[in-house]
Amino acid sequence: MQKEIFEQPIVVAQTLKSYLRPLEQKVALPQMDFSFADVPRITIVACGTSFYAGMVAKYWLEQFARVPVELDIASEFRYRQPVLEKGGMALFISQSGETADTLAALRHARAEGQKVAVVVNVPTSSMAREADLLLPTHAGPEIGVASTKAFTCQLAVLAALAAKVARDKGVMSEAEEREIVEHLTEAPAAMNAALAHDEEIEAMAPVIAAARDVLYLGRGPDYPMAMEGALKLKEISYIHAEGYAAGEMKHGPIALIDKDVPVIVIAPSGPLFDKTVSNMQEVQARGGKVVLISDAE
Ligand code: F6R
């Protein structure tokens, strides 16, 4: 798992190569025989970590492309008789391309007349074969039980997809597209910089390791990131963890906070920073220990 974590800058760069044209400063999907201009709605379906990548994509697609997005866990979607709009697109996200609930959901969506797009890491998988629009991640084999590099590669593809949908729908300017291409091009170096904090993270780990419960907080796209962080901690450390939308804390979970519950706050600089920091201060007022993940700014 550690090896795969450290592979992230390389495999994300490798993945982005298929989705960006750096000279023209444009996003381009590898296999594209239709426009997203007329897609009225996108339904995203996945499990586990891939579901959290899908949840981040919902924020991006709605913000950038102004397209309504529905999001479902595959095991729920499959059995809840979802209403799917004619001409809609269903997007399935999977590292393996074989997860039974996601595959069954894909087949259900196809039977309901949806265009099927798939973000998948294994190019020979069932989902890859059954896609109308195949969007591969190039993370290489992921052997670790907990998904790491596949997740960040999924995010890279989903960011490019959101920009492409936005351009096709005419709601993103060329200048905005250029800005996204620049940010994505910088992502691998930013990941390298984040990984350089390895020793500080190791030094801080005993604070978390001693806890019985841990909360993760984030806002906007960092809300699904908080849930993904909590999932990783549960899977790998067997420590109970929950991810919450930072603004939801005061509606109940704050009652859990005391000096024995570390709270990991994900708050990058930007428009939501002050709001998240005020939630962080509420936690500190109750004696909670805070680990803040932010950027230098
Ligand atoms: C968590 C993890 C799982 C998978 C889930 C879906 O670290 O690995 O939650 O994300 O089982 O698997 P795929 O993406 O192969 O469909």
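A pocket is an open set of grid points, over the protein atoms alone, with protein on both sides within 12 Å along at least five of seven lines. In the predicted model described here, the second largest pocket has a volume of about 290 Å³. Its lining is formed by 16 residues, and Thr-49, Ser-50, Gln-95, Val-145 and Ser-147 are those that lie nearest the centre of this pocket. Two or more lining residues are given by each of H3, E5 and helix H10 (222-237). The largest share, 3 residues, comes from H3. By residue class, the lining of the second largest pocket divides into 10 polar, 4 nonpolar and 2 charged residues.

The largest nonpolar core comprises 51 residues, of which Phe-36, Ile-42, Leu-61, Leu-91 and Leu-158 touch the most other members. At least two residues of this core are supplied by each of several helices, namely H2 (8-17), H3 (48-65), H7 (149-168) and H8 (174-195), and likewise by each of the strands E3 (42-46), E5 (89-94), E6 (115-120) and E7 (133-136). Helix H7 gives the most to the core, contributing 13 residues.

The surroundings of Leu-61 were examined beyond its neighbours within four places in sequence. On this basis, Leu-61 is in contact with Ile-42, Ile-44, Arg-66, Val-67, Val-69, Ala-162 and Val-165. Of these partners, Ile-42 is itself listed with Leu-61 among the core residues that touch the most other members. Another core, of 16 residues, lies apart from the largest one and includes Leu-103, Val-116, Val-120 and Ala-131.

The structure holds 1 aromatic pair. The ring centres of Phe-51 and Tyr-52 are 5.7 Å apart and the ring planes stand at 65°, so the pair is edge-to-face, the angle being over the 60 degrees required for that class. Phe-51 and Tyr-52 are both buried.

A further site concerns Glu-4, which is found in helix H1 (residues 2-6). With a relative accessible area of 5%, Glu-4 is buried, since burial is assigned under 20%. When residues up to four places away in sequence are not counted, Glu-4 touches Pro-141, Glu-142, Ile-143, Gly-144, Thr-148 and Lys-149. The C-alpha atoms of Glu-4 and Gly-97 are separated by 19 Å, these residues being 93 residues apart along the chain.

Key: Residues are numbered from 1 along each chain as its sequence is written. This is a predicted model: local features need pLDDT of at least 70, side-chain atom pairs count only at pLDDT 80 or more; totals for chains, interfaces and linings use all residues. Side-chain values use heavy atoms; hydrogens and water are left out. A nonpolar core is a set of buried Ala, Val, Leu, Ile, Met, Phe, Trp, Tyr and Cys residues joined through side-chain atoms within 4.5 Å. Buried means under 20% relative accessible area, exposed over 50%, partly exposed in between (1.4 Å probe, protein chains only). Helices (H or I, at least four residues) and strands (E, at least two) are DSSP runs, numbered from the N terminus. Contact means heavy atoms within 4.5 Å. On a 1 Å grid over the protein atoms alone, a cavity is a set of points where a 1.4 Å probe fits but cannot get out, and a pocket is an open set with protein on both sides within 12 Å along at least five of seven lines; lining residues have an atom within 4 Å of a point. Grid points are joined across faces, edges and corners, and a volume is the space filled by probe spheres set on the points. Ala, Val, Leu, Ile, Met, Phe, Trp, Tyr, Cys and Pro count as nonpolar, Asp, Glu, Lys and Arg as charged, and the others, Gly among them, as polar. Rings of Phe, Tyr and Trp (its six-membered ring) pair if their centres lie within 6.5 Å; planes under 30 degrees apart count as stacked, over 60 as edge-to-face and the rest as tilted.
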